[in-house]
Amino acid sequence: MSPRKSTLTPQQRRARLEQAHEHLNSAVEKLTTSEGWRALISSRAWLRHYSANNVMRILQQCPNARDVRAFGAWLNAGRPVCKGERGIRILAPMRYRAEDEESEPEREDGCRRYEVRGFTVTTVFDVSQTEGGPAPEPDGVVPQELRGLAPDQLWDQVAAMVTTRGYTVEHGDCGEAYGYVHYPTRTVRVRGDVDPAQAVKTLTHELAHILCEHSTREGLSRQRAEVEAESVACVVGSVMGLETLDYSVPYVAGWADDSDVAHAAAARVMAVADQITAHLIEHAEQAAA
């Protein structure tokens, strides 16, 4: 049985929105610490269906969140929310059918067009706040301990994303680095004397440089570019079965002292990481079919 829905006054709704924004502001401040950045990039492996801002809101209220869903979604999964649990408040878009929808021809995909006219506060719960049958695994691949090998075909799929963008992938000497992108010759090079796990993590790092447009963004510091690329590689690795936090977090620790810069970087990291993982998961599902 779902909880009884209460009617909120306009003043109560505004108060809830203000509180949600306060949670975000507080969470953004934590991005300037290595612990805060670690929490963000590690949680994304489990909370991929939420925006970067909502992930930060979730972690501010429930630092150990692992699988977050709405009350009804937990009921459908056979794990009702425990009595007395306090929900996690996030923002959800208020979607309305477009006003000109009636006069438009039917879309080929059969979907109606909606527009967002604001946001409202909604409540979700972490798996730790539920009870019942076995806890379901969140969507995606469960992270595994890194032992020198990479998941099957992961290198090939990441390399395909690189070559599709007009770059050549090669192994070779990289000096003191594990890899690099040479933009003038459109070449991505990865050291050939490393284990497969390190190699594919490095290749993902270099792909992130390309997708984050680090060669063309004006005023971008090398430090921020490296943090964005390494954070993307860490998120993708976690989703696809490579646990790289012990390497990645020291690499990016203490990089930012400006919360606005950290927030902007986090949003870009989440968007690019989701772009890569969506492609990889789609291919994995097709291969398993």
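Helix α7 (222-240) packs against helix α9 (residues 259-288) at an angle of about 40°, with their axes 9 Å apart. Axes are lines fitted to C-alpha atoms over the stretch in contact, and angles run from 0 to 180 degrees between N-to-C directions. That makes α7 oblique to α9, a class left over once under 35 degrees is roughly parallel, over 145 roughly antiparallel and 65 to 115 roughly perpendicular. The crossing is right-handed, meaning that the near helix is turned clockwise from the far one by less than a right angle.

This is a predicted model: local features need pLDDT of at least 70, side-chain atom pairs count only at pLDDT 80 or more, and totals for chains, interfaces and linings use all residues. Residues are numbered from 1 along each chain as its sequence is written, and side-chain values use heavy atoms, without hydrogens and water.

In the α7–α9 contact (heavy atoms within 4.5 Å), α7 residues including V232, V235 and V239 meet α9 residues including V269, V272 and I276.

One cavity of 30 Å³ or more is counted. The largest cavity has a volume of about 50 Å³. A cavity is a set of points on a 1 Å grid where a 1.4 Å probe fits but cannot get out; lining residues have an atom within 4 Å of a point. Its lining includes V236 and L280, and V236 of α7 and L280 of α9 also belong to the helix contact. Elements giving two or more residues to this lining are α5 (154-164), α6 (196-211) and α7.

| Site | Nonpolar | Polar | Charged |
|---|---|---|---|
| α7–α9 contact | 14 residues | two residues | three residues |

Asp, Glu, Lys and Arg count as charged; Ala, Val, Leu, Ile, Met, Phe, Trp, Tyr, Cys and Pro as nonpolar; the others, Gly among them, as polar.

Conventions
1 Å grid on protein atoms, 1.4 Å probe; cavity = no way out; pocket = protein on both sides within 12 Å on 5 of 7 lines; lining within 4 Å. Points joined across faces, edges and corners; volume = space filled by probe spheres on them. Helix = DSSP H or I, 4+ residues; strand = E, 2+ residues; numbered from the N terminus.
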